[in-house]
Amino acid sequence: MDKTQSYDIFLMAPPGLEQPLAEEASECGFAEPRVVPGGVETRGPWSEVMRANLVLRGAGRVLVRIGGFPAVHLAQLDKRARKFAWGDFLRADVPVRVEAVSRKSKIYHAGAAKQRVERALAEELGAPISDEADIRLMLRIERDFCTFSIDTSGEALHKRGHKEAVGKAPMRETMAALFLRQCGFDGVEPVLDPMCGSGSFVIEAAEWAAGLAPGRTRSFAFEQLAGFDAARWQALRAAAGEGGRPESLYCGSDRNAGAIEASRANATRAGVSNFCAFHQRPVSDIRPPEGRPGLVIVNPPYGARIGDQARLRALYGSLGKVLMERFSGWRVGLITSEMSLARATRLPFQAPGPVVDHGGIKVRLYQSARLR
C-alpha cells in the first residue's frame, strides 16, 4: 500500500448517531468528516486509518475504499478483478473473506460476483479464501460500478479488549460513547449511572476523562495487510499516551450484586478503577457524589426485554423523583424505547433525540437541562 496516498475512509455508526461520531472525528483532527447514512466519511493516508481504529470511541468499524471499476457483466468483472492490484493491500499468506452486494446493476447476482472475485484472489494473488477469515473484502456493485473496500478493524470496535463481563441487555461501548457525547459530556465533569449493569457508561466516561485510547489493548485486521508499517503503528500507540488521572469521579450503582462485581472487574481491566466507584443500591438510595454537579446517564429496562410496563412506569417514576429531590444542578440523559416511560419520570426533558437501533429495539435519548 502507498503510505502517502489518501483513501476514502468510512467510519461506521449506529443509524441515528452519525452526527456525534462526526463531531468526535472533527475533534480528533480527521479531515472534513461528513455525515452519511450509517456513518461518517473522511479521507486520509493509511496512518489515519490506523489512528481512527485506535482513538475513535464511537466508530463501530473503519472501512477503507481501495478502488473499483465499471462492469456490466460477470465476464467483465472476472477480467478486471484479475488485473486489480490486490497485492498492494492483501497478503498471499493471509486468508480473505469476500462479501458482495448489488443494487441497480446489470450484475444482479451478488453470489456469482462474489465467486468471481474469490477466484481472482485465489488464482492471481494466491490468497486462501475462508468465510472465517479476519480480513474482510467487501464488493459493492451500484449502478454498474464495482467498489472494493477492506474492513480494517477485524472484530467490531466496541470490543475494546478489556471488558469481559456483560449484563442482561448491555449497551455497546461505542454506542455508550456516542450517547455521552450527545449529552454534551466534556471529558471532565463527573458522571453517575444509577442502573449501571456491567458499567459501560461509567467506564467509557472514565477512559475518556483519563485520555486513554479505546483501542489501546487490542489488535486490528490492518496489522495483517500488505505493507503494514509496524514502526508507524508503534509510534501512533505511543503518541496516544498512557493517560492521566481525571479530576472527577465516575460512579455507577445497581441493585444487582453481580452487576456491581462485573463493573468493578471491567473497570480494573480497563485501568480506570482508581477513579470509578460502584455501589450496590436500589434507585431509591442513590445520592450525588461529593463535588460539582455533572451528568446522570441511564439506560433503564424498556419492557421489550426485561420487565413489564406497569412495574417499569413505577421504576421510572421513582428514578425521576429521586433525581429531582437530590440532584440539583445535574443534567440527565435517559435512553428508552417509550416516550410514556420517559414521561413517567416527570423530568423536564427536551425534545427526544433521533431514533437509534439498540439490539433490535428502537430507542431515543431524552435529555434535561440542569435540574433545579
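Modeller: Two strands pair if DSSP finds at least two bridges between them. Helices (H or I, at least four residues) and strands (E, at least two) are DSSP runs, numbered from the N terminus. This is a predicted model, in which local features need pLDDT of at least 70, side-chain atom pairs count only at pLDDT 80 or more, and totals for chains, interfaces and linings use all residues. Residues are numbered from 1 along each chain as its sequence is written, and side-chain values use heavy atoms, with hydrogens and water left out.

Biologist: Which residue in S14 stands opposite Thr336?

Modeller: S12 and strand S14 (residues 361-367) pair in the antiparallel sense over 4 bridges. In that pairing, the residue opposite Thr336 is Arg364.

Biologist: Which residue stands opposite Arg331 in S12?

Modeller: Strand S11 (residues 295-298) pairs with S12 in the parallel sense, over 4 bridges. Opposite Arg331 stands Leu295.

Biologist: Why is strand S12 largely enclosed by the rest of the structure?

Modeller: Buried means under 20% relative accessible area, exposed over 50%, and partly exposed in between (1.4 Å probe, protein chains only). Both faces of S12 are covered, with Arg331, Gly333 and Ile335 buried on one side and Val332, Leu334 and Thr336 buried on the other. Strand S12 (residues 331-336) is largely enclosed because its buried residues number 6 of the 6.

Biologist: What is the relative accessible area of Leu21?

Modeller: Leu21 lies in helix H1 (residues 18-27). Leaving aside neighbours within four places in sequence, Leu21 has contacts (heavy atoms within 4.5 Å) that include Leu11, Val40 and Leu178. Leu21 is buried, and its relative accessible area is 0%.

Biologist: What is the volume of the largest cavity?

Modeller: On a 1 Å grid over the protein atoms alone, a cavity is a set of points where a 1.4 Å probe fits but cannot get out, and lining residues have an atom within 4 Å of a point. Grid points are joined across faces, edges and corners, and a volume is the space filled by probe spheres set on the points. The whole structure has 2 cavities of 30 Å³ or more. The volume of the largest cavity is about 50 Å³.

Biologist: Which helix gives the largest share of the lining of the largest cavity?

Modeller: Among the lining residues are Gly199, Ser200, Ile203, Glu204 and Glu207. The largest share, 4 residues, comes from helix H6 (residues 200-210).

Methods. On a 1 Å grid over the protein atoms alone, a cavity is a set of points where a 1.4 Å probe fits but cannot get out, and a pocket is an open set with protein on both sides within 12 Å along at least five of seven lines; lining residues have an atom within 4 Å of a point.
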